[in-house]
Amino acid sequence: MGYLVLAVSLLMSVALAAASYFGLKTTYQPALLALAVLSSCTLLLSAGFSVYVEILRRRAAWLQTENHKLALLLEHGSSAMLLLNNDFVPEYINYRHPTLEKLNAEHSGDLINIQKWKKYLAPETRQRIREAITDGVVWQGELRFDNSERDHYLSTIVSPVLNQAGELNKIVVCCEDISEHKAIADRLFIREHYNVLTGLPNRQFALRSLHAAIDECSAQQQKFILIYIDLDRIRYINESLGHHVVDKILIETAERLRRSVRDEHILAHLGADEFLIILDAGSCHDEASIQVDSLLDRCRAPFYIEQHEVTISASIGLSQYPEDGVDANTLMRRAEAAMFDAKNQGGDRFSFYNENMSDQADRRLEMEHQLRHAITREEFELYYQPVINLRDNQLIGVEVLLRWKNEKLGQPGPDEFILIAEHSGQIVTIGNWVLEQACQQIMTWSRAGFPALNVAVNISSKQFIDGDILASVDHALKQSGLPAAQLELEITEGLLLNDTPAIRDIFKQLKKFGVHLSLDDFGTGYASLSYLKRYPFDTLKIDRSFVKDIDNCQDSITLTNAIIAMAHSFGMRVIAEGVENLNQRRILRERHCDMVQGYLYSPALAADDFLDWAKRYSEMQHSKHV
C-alpha cells in the first residue's frame, strides 16, 4: 500500500512538472521551473510518505504487541484453543498450552489430525456435536484421553462460527484440563462411597444401589433378594489377636465374597464385620440358597495370618423384594432381623425373613431403649444364690445374679437382656451398679449381725476393655466398706482371648487390692489351658453342663474329676454349679470338689428372701437336720 502511494505521488509530481513546463508562459526557463516544481513536490511527498510509513510502523508494532499478548493468553489461559475450518481441519492450535503439550507428548504429534479424537467420543456424543454445529449452537462436554499412566480429562466447548449468510465458516474448540479436579472428585467419591479397608462399596453406596434396584424391579414387576452377612466370633478374635489380625481377616473375607458373586451383583461392606449382597432382578429363593451355601463354605475356610490359623463362620439373613418390604430401609432391617435369627441359632447358617423376626427385632430395639432408663427407674434387682462348702455344708458365700423387672417387656431374663446390654455398650454402667449394690448388701447384712459372706460378682469383658475396672472395684470397696478378701470377681473365658500385657496388668492390680478372681463357666468357651498358669485365678467354676448328668454319665464324671484335679494342682478351689440332687453332691464330694451351688440348696433369691432362707439353713445345720 505504501509503495502504491509513493508511485502515485511521483506520477503526480511528474504531471505537475510537465504542466509547468508546457503550460506556463514565463520569462524563466521552463525546464528549470519544471525541475523546481518536481523537486518541491517530491520533497513534500517524501515527507508525507515518511510520516505515513512511521504511522504504519507504529501500527505494526502495536499489532505485534497485541498479537503477543493474545498468544500469551492463548498459551497460558485456562483453556487450550483450536481453530478448525468447516472440514474439521485445524488452522490454528496453541500447542504451547500445557494441556495440549501433555496430550501432544502422549500422542506423538497426532493432534494435528483432529479426526483421531473421534475414538475418545461415544457415537452418540459425536452425533450430538455434529447436530449442534449444524444447528449453529454451542456443544459442551468432556473428553477423556487415556494412557498407560493416567487418564486426562478435558472440559470441551465446541463453538461454530457462521458467516453473514448463516453458513458454517469456522469452528472454535476450547479445552480445559480438569484431570486434577476429576482425580480429587474421584478420591472424594471413593472416600464417601467405599470402605477404606476392603475397597468395597460402603453402606451409603449400598443404600443408593438398593434404591435403584427397587426402582428397576418396581418398573419391571420383578423380584430380587437381599443378603445380609455378619461374621461370627470376630469380637473374640479382636480381643485375643488384635485389630490388625481382624483387619486382615476382613480384607480376605471381602476378597472371598467378591469371588463368590457375579459382576451384576452388588457386594458392599457395611462396616465392622457386616457385608451386604444385592442379587440381580429375577433372583429367587432357590438361587439365593445355593449362593448363600457357597458363601458359608468360603467363610468357614481357615485364615492363615501371622502364623495363626483362624477359623470363623457367618450368620446370614435374607429378605426379598417386594414380599418383605417395598423400601430400602425395611428390606435392610428385615434382612438384618433374619441374620440375628441365624446368629441366635448358633451362627454358621442362614435364615429367610419371616414376620416373627420383625417382632424380635422390634423387641431388641425396645429393650435397648428401656435398658438406658432401668437404673434411674429402679427396675433392676439383685438376687443371691448360696454357695455351700462341701466339707462342712456351711454357707460361705453368694453369687449375685441380676434380674430386671420391666412390665412393658414382660420381665425379660438375663440371658436376653445381658447380651443386648453388651452389644449396646450399656453393660459397663450396669456392671458398675451391680458391683456397688452387691458390696453394700453384704455389708448391710454384716452390720445386722449376719456372718461374713463372700460375694461373687460377674464381670463382663467389656468392663475390662471399655471401662475402668480398677477404679470401679476400688470405688465399690471404699463406698461400702467391704473387705477386699470377701469380693470375688467372676470372669468368663472370652476375656482371656484378649491375652495382652494390659489385661494381665489389670489382673495383677486386682490381686494387689486383695480381691479374689474366679474363672466362670470353665470348659464352655475358647480359653486355652495355658491361661490357668498365666492368670492368678483363685477359683475355678465347673459349668452346670458338666454337672447335670454327672450321676448317670461316666464321661461327665471323668471330665469333672480331671477339671477338679487340674484346678487343685494350680492351687485353685473348685465350685460346681447346677447341683440339683444328693447323688450329684455325693459324687462331687468324693472327687474333692470344694464348693457347690444349685437348686439342691436354693435358687437365686431376692435379698429379703435370701436372708430368711439363710436363717432357716443355719438353724437346720445347728439342729443336725442336714
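**Close-up views of a predicted protein model**

Of the 626 residues of the protein chain, 43% count as buried (under 20% relative accessible area, with exposed over 50% and partly exposed in between; 1.4 Å probe, protein chains only). This is a predicted model, in which local features need pLDDT of at least 70 and side-chain atom pairs count only at pLDDT 80 or more, whereas totals for chains, interfaces and linings use all residues. Residues are numbered from 1 along each chain as its sequence is written, and side-chain values use heavy atoms, with hydrogens and water left out.

**View 1. Overall composition of the protein chain.** The secondary structure comprises 22 helices and 21 strands; helices (H or I, at least four residues) and strands (E, at least two) are DSSP runs numbered from the N terminus. Among contacts (heavy atoms within 4.5 Å) between residues at least 6 apart in sequence, 63% join residues at least 24 apart.

View 2. Helix 8 spans residues 243–260, 18 residues in total. From first C-alpha to last it reaches 25 Å, close to the 26 Å expected at 1.5 Å a residue, the expected span being 1.5 Å times one less than the number of residues. Its buried residues include V245, V246, I249, L250, T253 and L257.

**View 3. Packing of helix 8 with helix 9 (residues 285–300).** The two axes, lines fitted to C-alpha atoms over the stretch in contact, come within 10 Å and cross at roughly 150°, on a scale from 0 to 180 degrees between N-to-C directions. Helix 8 is therefore roughly antiparallel to helix 9, a term for angles over 145 degrees. R256, L257, R259 and S260 of helix 8 meet Q291, S294, L295, R298 and C299 of helix 9.

**View 4. The largest nonpolar core.** A nonpolar core is a set of buried Ala, Val, Leu, Ile, Met, Phe, Trp, Tyr and Cys residues joined through side-chain atoms within 4.5 Å. Of the 80 residues in the largest core, F464, L487 and F610 touch the most other members. Helix 13 (residues 427–447) supplies the largest share of this core, 11 residues. Beyond its neighbours within four places in sequence, F464 is in contact with residues including I459, I491, F507 and L510.

**View 5. The surroundings of I178.** I178 lies in the loop between strand 5 (168–177) and helix 5 (179–193). This residue is buried, with a relative accessible area of 13%. Residues up to four places away in sequence aside, I178 touches E142, Y153, L154 and S155. I178 and L154 are 24 residues apart in sequence and 5.7 Å apart in space, C-alpha to C-alpha.

Conventions: Angles under 35 degrees count as roughly parallel, over 145 as roughly antiparallel, 65 to 115 as roughly perpendicular and the rest as oblique.
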